[in-house]
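I opened this entry to record what I looked up, in the order I looked it up. The structure comes before my notes.

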Amino acid sequence: MSKVALYRGLAVAIPVALIELACRVGWINPMTLPPPSGMVIGLWVILKSGRFETAILETLRNVLLAFAGSVVAGVAFGALIHRVALARRLLEPLFSTYYAIPIYAFYPLLIVLFGLGDRPEIMIGFMLAVVSVIAATVVGLDSVPQVLVKTARVLRLGPVRTAWQVALPHAAPHLFTGVKLAVAYSFIGVIGAEFIMSQSGLGYEIRFAFDNLDNSVMYPLILLILVVAVAVNVTLDAWDRALRVRRGQGA
């Protein structure tokens with residue numbers, strides 16, 4: 001694992017160093033892309049000043065709500081359609097083509113349904129993220145050995161207890177795949193909606209900085225989103241690996 005971590009670090013550090021060099025020697029116009037070190041310094045200045053604290057907290061809250069809702073609804077709905085064969089046959093073709101649907105086209109409808117404010121943005125993030133969790137849940141439940149299901153029946157566990165105590169724990173590695181995708185899609189959905197229509201949040205602040213050619217704000221905020229999303233996914237990935245190792249040792 002130390003070699004893998006080293007290679008991952010190099011895969012990030014080398015391109016960043018090359019971009020830094022290209023910016024410093026003038027191969028890249030600073031109006032097009034500032035050096036990465038400048039982005040880090042700019043991010044530190046922004047966080048220290050507290051200038052965008054309200055926007056940052058608002059976006060992170062909305063992403064968290066979209067993510068949590070997608071995980072809860074995705075796992076519950078995935079477990080349900082896994083048990084109902086007809087529903088699975090009807091919905092699986094939709095799941096395979098779902099991400100070809102332009103979700104942002106529904107933003108005006110969501111405004112009509114939920115009004116102005118955070119709820120349409122949260123719904124966009126939820127709609128983008130939930131299908132990845134549903135698909136991962138179905139695949140994970142497919143991997144559960146029938147002997148475990150039969151054992152649950154012998155122990156007279158009901159459908160809910162069987163899913164909660166037997167099937168979902170065994171399917172956890174597959175679920176983590178869907179959860180990690182849900183993190184990314186929640187960020188994409190919420191920030192994209194803020195970028196398009198909102199008057200607040202990180203997406204709006206990035207768009208405002210872009211419209212005013214303010215690279216000292218735009219790129220540090222983009223870096224902040226990248227750092228938070230990567231940190232969450234790295235944490236989930238470490239948790240996933242620990243779970244896999246534990247299950248392997250248990251075997």
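I started at one side chain. Phe187 touches Leu60, Val63, Gly192, Ile225, Val228 and Ala229, leaving aside residues up to four places away in sequence. I note that the model is predicted.

Next I looked up the core around this residue. The largest nonpolar core holds 39 residues. Phe187 is among those with the most contacts inside it, along with Leu141 and Leu221. I then listed the elements that give two or more residues to this core: helix H2 (36-49), helix H3 (53-83), H6, helix H8 (159-170), H9, helix H10 (201-211) and helix H11 (215-250). H11 supplies the largest share, nine residues.

Then I turned to a helix pair. How do H6 and H9 pack, and at what angle? Helix H6 spans residues 119-142 and helix H9 spans residues 172-196. Their axes are 7 Å apart, and the packing angle is about 165°. Angles over 145 degrees count as roughly antiparallel, so H6 and H9 are roughly antiparallel to each other. The crossing of H6 past H9 is right-handed.

I wrote down the residues that meet. On the H6 side they include Glu121, Ile124, Leu128, Ser132, Val133 and Thr137. On the H9 side they include His174, Leu175, Leu181, Tyr185, Ile188 and Glu194. Sorted by class, the contact of H6 with H9 has 13 nonpolar, eight polar and two charged residues.

I also checked the backbone. Most residues other than glycine have a negative phi. Leu213 has a positive value, with phi near 55°. Where is Leu213 found? It sits in the loop between H10 and H11. Buried or exposed, which is Leu213? Its relative accessible area is 62%. The cut-off for exposed is over 50%, so Leu213 is exposed.

Last, I took the whole chain. I found eleven helices and zero strands in the protein chain. Along the sequence the pattern reads α-α-α-α-α-α-α-α-α-α-α. The C-alpha atoms fill a box of roughly 70 × 50 × 30 Å along the principal axes. The protein chain has 251 residues, and 39% of them count as buried.

Note on methods:
Residues numbered from 1 in each chain as written. Predicted model: local features only at pLDDT ≥ 70, side-chain atom pairs only at ≥ 80, totals over all residues. Heavy atoms only, no water. Axes fitted to C-alpha atoms, helices over the stretch in contact; angles between N-to-C directions. Helix = DSSP H or I, 4+ residues; strand = E, 2+ residues; numbered from the N terminus. Parallel < 35°, antiparallel > 145°, perpendicular 65-115°, else oblique. Left-handed = near helix turned anticlockwise from the far one by under 90°. Contact = heavy atoms within 4.5 Å. Nonpolar A, V, L, I, M, F, W, Y, C, P; charged D, E, K, R; others polar. Core = buried A, V, L, I, M, F, W, Y, C linked by side-chain atoms within 4.5 Å. Buried < 20%, exposed > 50% of the residue type's maximum accessible area, 1.4 Å probe, protein only.
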